[in-house]
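User: I would like to go through this structure term by term. Please set each value against its definition.

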Amino acid sequence: MKSLALTQYRAPLECVETSTPVPKGNEVLLRVNACGVCHTDLHIWEGGYDLGGGKMMKMSDRGQKLPHTMGHEVVGTVVAAGEDAMRLAEMGRTYLVYPWFGCGECQVCKSSDEHLCPTPQYLGVLRPGGYADHVLVPHPRYLIDIPAIPPEQAAPYACSGLTAYSALKKLGPDRLGKPILIVGAGGLGLMCLSLLKAMGRSGAIVADIDPDKRSAALASGAIAALDPTKDDFAKLLAESAQGGIHAIIDFVGSPASWDLAMATLAKGAIYVIVGLFGGERTLSLATMPLRAITVSGSFVGSRRDLIELMGLVRTGVDQMPIVTRPLDRAHETLSDFREGRVVGRAVLVPDHPS
């Protein structure tokens with residue numbers, strides 16, 4: 001089995017060859033057809049998350065051990081299964097993997113919110129992931145049926161699509177009936193625009209500093225795509241959203257995007273923070289009740305959310321831009337992602353010998 005592994009934080013990925021896993025019990029072995037590259041992978045490569053104030057949540061403190069194989073947006077074909085999984089995992093069938101594994105035993109997991117488990121085992125984060133030609137999945141329940149779309153288009157739904165869909169659900173039907181503001185037109189922002197359109201909602205205004213990403217947002221159906229650093233941003237935003245902004249989904253999660261939201265939200269609005277850029281801000285507590293603002297964090301989504309999302313995809317969702325790369329260009333792709341050179345989503349495709 002070939003993997004592109006992280007052997008040292010902030011260092012190039014290395015090709016590692018190991019014995020292909022033999023599944024036991026409920027385990028299922030997939031041949032990887034496609035694996036998305038995500039901003040979470042960048043945080044893992046850097047060694048953790050910026051918590052602000054000079055503090056960092058280190059991946060090593062979360063139990064991650066090197067060498068580690070990243071990649072949690074995986075589409076693969078079943079090639080082997082443990083004795084207890086054979087009746088649930090169809091040989092030769094291709095699935096999307098729900099990667100947000102929990103312990104499976106706590107009350108959070110039993111309520112179907114494994115992504116919020118206090119002792120998670122996320123694929124590609126704490127377990128070996130899809131930057132490889134094969135991946136081991138602990139139970140068939142994580143294998144999600146997908147519609148008849150190419151694997152490289154399906155893979156980003158495991159995180160990018162699921163995260164955007166879960167954030168949209170937090171807004172509720174009333175707020176989705178009005179234009180919302182999306183901060184960030186990367187893969188998540190573009191996915192959010194596609195899902196909004198598929199849900200028959202009124203669309204969104206996008207804020208992004210990158211002109212290429214603003215153009216991609218307009219091509220994906222944004223009402224307007226604005227540069228938040230320009231002096232006329234507030235004026236153009238007000239013109240695009242008559243009645244004010246009552247919902248913001250922030251796919252950046254930085255001090256600058258927080259400032260933008262606090263300067264923009266109407267009374268009674270909701271601010272959903274998804275991005276993990278990091279940093280900190282001082283909060284004026286009295287302004288929250290006085291403006292009746294709700295601030296909500298949103299972390300990926302549940303397995304039932306992903307199943308719902310696949311149902312929506314079957315009805316037709318516009319595909320965002322996808323850049324495919326061979327697996328051995330994983331580190332180059334991470335670098336391009338970090339420097340903002342990828343519009344849409346990058347997906348690694350392993351080369352399987354015939």
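**Domains, contacts and pairs**

Analyst: The C-alpha centres of domain 1 and domain 2 lie 27 Å apart. This is a predicted model, in which local features need pLDDT of at least 70 and side-chain atom pairs pLDDT 80 or more, while totals for chains, interfaces and linings use all residues. Residues are numbered from 1 along each chain as its sequence is written, and side-chain values use heavy atoms, without hydrogens and water.

User: What makes up domain 1 and domain 2?

Analyst: Domain 1 covers 2–159 + 301–349, and domain 2 covers 161–297. The bounds come from an automatic or database domain assignment.

User: How do you know that domain 1 is in contact with domain 2?

Analyst: Contact means heavy atoms within 4.5 Å. By that rule, 29 residues of domain 1 touch 25 residues of domain 2. The two domains bury about 2100 Å² between them, 62% of it on carbon and sulfur atoms. Buried area is the accessible area (1.4 Å probe) lost when two parts are put together, summed over both.

User: Which elements give two or more residues to the side of domain 1 that touches domain 2?

Analyst: They are strand 4 (48–52) and helix 10 (303–315). Helix 10 gives the largest share, five residues. Both are DSSP runs (helices H or I, at least four residues; strands E, at least two), numbered from the N terminus.

User: Why is the pair of Phe 101 and Tyr 142 called tilted?

Analyst: Rings of Phe, Tyr and Trp (its six-membered ring) pair if their centres lie within 6.5 Å; planes under 30 degrees apart are stacked, over 60 edge-to-face, the rest tilted. Here the centres are 4.3 Å apart and the planes at 40°, so the pair is tilted. Phe 101 and Tyr 142 are 41 residues apart. The structure holds six aromatic pairs.

User: What makes the peptide bond from Leu 66 to Pro 67 cis?

Analyst: Its omega is near 0°. Pro 67 is in the loop between strand 5 (55–58) and strand 6 (73–81).
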